[in-house]
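Work through the exercises below with the model open. Each task is followed by a solution in steps.

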Amino acid sequence: MLSSLLIELEPLKALVSGWLVLLAAEAWDTATLRRVRAVRRLPLILIPALVIGGAAAAAWNASDRMVVAVLVGCASIALDPDAVRDLLGRATRPDATARMAPALATLALGFALILSAASSGDRSYRSLLAYPLGALMGLLLAGLLRLAQGRGMILTLLFAMPILGWGLARYFDLSPLAALFVAGTVVTDDPTRRDLVFSLLREYELPARIAMLILVAMSLPMSLEPFGTIPFWGILALLVLVRPLVWRLIPGTGLSLRQLLPLSPLVLLLGLEAGHAPLALAISLSWILGEAARRAPNVTGGSPR
């Protein structure tokens, strides 16, 4: 009964998940990428993905080690920019490097969504077709937004595009997360509608996030079998304990240990969209623990940093 209900709710899941993915591309315009020196920071961002993903693949005793490496690697860099920004706002006298931390977190989350394409479909070079599909959807959306008159028409397009993009990606067995994120990056470089579009996306972010969390919770596997396996706990330890330490060893990120604990809610979709139930459960639990750690009182009495 629950599975049939989830099938009926798939358009809603596509809408709210795609809404948040489009919003994640807000800071991926060309000017911002140049300002944060995205090309130079890419190798730094990939270090945690390679280390954590490689360790997870080594601990996984199954034939799908490459999928595990990609999913856990993506989860290790899918930081929560809003949480980083919130903790930075409560810090005392952040330096110039620390003030760049939210931009770096946004950059890392974007790379996680882009790299997630490798975990979908047949896991071959065909999965890269998610990028041109996303670019075409972004061009279509940007063109229609220029023609749209009034808030109601723009909202209609923003409601329709996530569902359409999600459905097309699923039809071609590609990653909807990667495709919709690429579509969002195209819209960010449209100066005529950019501010209005992303202000509307931000306005409805909270209900979209709540709906996505409810649907993800309903989609998670009910079996307790993964809890009895060593690889499950190993991956959970990698994401919760080892991941912040690896990030802290990278110089010049400006990210504090507490800023590294929370993951983006979009991380919950990684394992589910790849059809890997045990990993989806491990990633979801790591997100819950990270959120709990972020919201815990600061026992030292000092700055959140």
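The model is predicted, so local features need pLDDT of at least 70 and side-chain atom pairs count only at pLDDT 80 or more, while totals for chains, interfaces and linings use all residues. Residues are numbered from 1 along each chain as its sequence is written, and side-chain values use heavy atoms, with hydrogens and water left out.

**Exercise 1.** Determine how helices α6 and α8 are oriented to each other, and list the residues of their contact.

Step 1. Helix α6 spans residues 81–89 and helix α8 residues 101–115; they pack at an angle of about 170°, with their axes 8 Å apart.
Step 2. The two helices are therefore roughly antiparallel (an angle over 145 degrees).
Step 3. On the α6 side the contact (heavy atoms within 4.5 Å) uses P81, V84, R85 and L88. A101, P102, A105, T106 and L109 supply the α8 side.
Step 4. By class, this contact has seven nonpolar residues, one polar and one charged (nonpolar: Ala, Val, Leu, Ile, Met, Phe, Trp, Tyr, Cys and Pro; charged: Asp, Glu, Lys and Arg; polar: the others, Gly among them).

**Exercise 2.** Describe the lining of the largest pocket.

Step 1. The largest pocket holds about 400 Å³ of space.
Step 2. It is lined by 24 residues (an atom within 4 Å of a pocket grid point), and L23, P81, R85, T106 and R202 are the closest to its centre.
Step 3. Two or more lining residues come from each of α2 (10–24), α3 (30–35), α6, α8 and α13 (205–219). Helix α8 gives the largest share, five residues.
Step 4. The lining divides into 13 nonpolar, three polar and eight charged residues.

**Exercise 3.** Which elements give two or more residues to the lining of the second largest pocket, and how many charged residues does the lining have?

Step 1. The volume of the second largest pocket is about 210 Å³.
Step 2. Its lining includes L46, A49, L50, M66, A69, V70 and L115.
Step 3. The lining counts nine nonpolar, three polar and no charged residues.

**Exercise 4.** Is S76 buried or exposed, and which residues does S76 touch?

Step 1. S76 is found in helix α5.
Step 2. Its relative accessibility is 0%, so S76 counts as buried (under 20% relative accessible area).
Step 3. Not counting residues up to four places away in sequence, S76 touches P48, A49, I52, L239, R243 and W247.

Note on methods. Axes fitted to C-alpha atoms, helices over the stretch in contact; angles between N-to-C directions. Helix = DSSP H or I, 4+ residues; strand = E, 2+ residues; numbered from the N terminus. Parallel < 35°, antiparallel > 145°, perpendicular 65-115°, else oblique. 1 Å grid on protein atoms, 1.4 Å probe; cavity = no way out; pocket = protein on both sides within 12 Å on 5 of 7 lines; lining within 4 Å. Points joined across faces, edges and corners; volume = space filled by probe spheres on them. Buried < 20%, exposed > 50% of the residue type's maximum accessible area, 1.4 Å probe, protein only.
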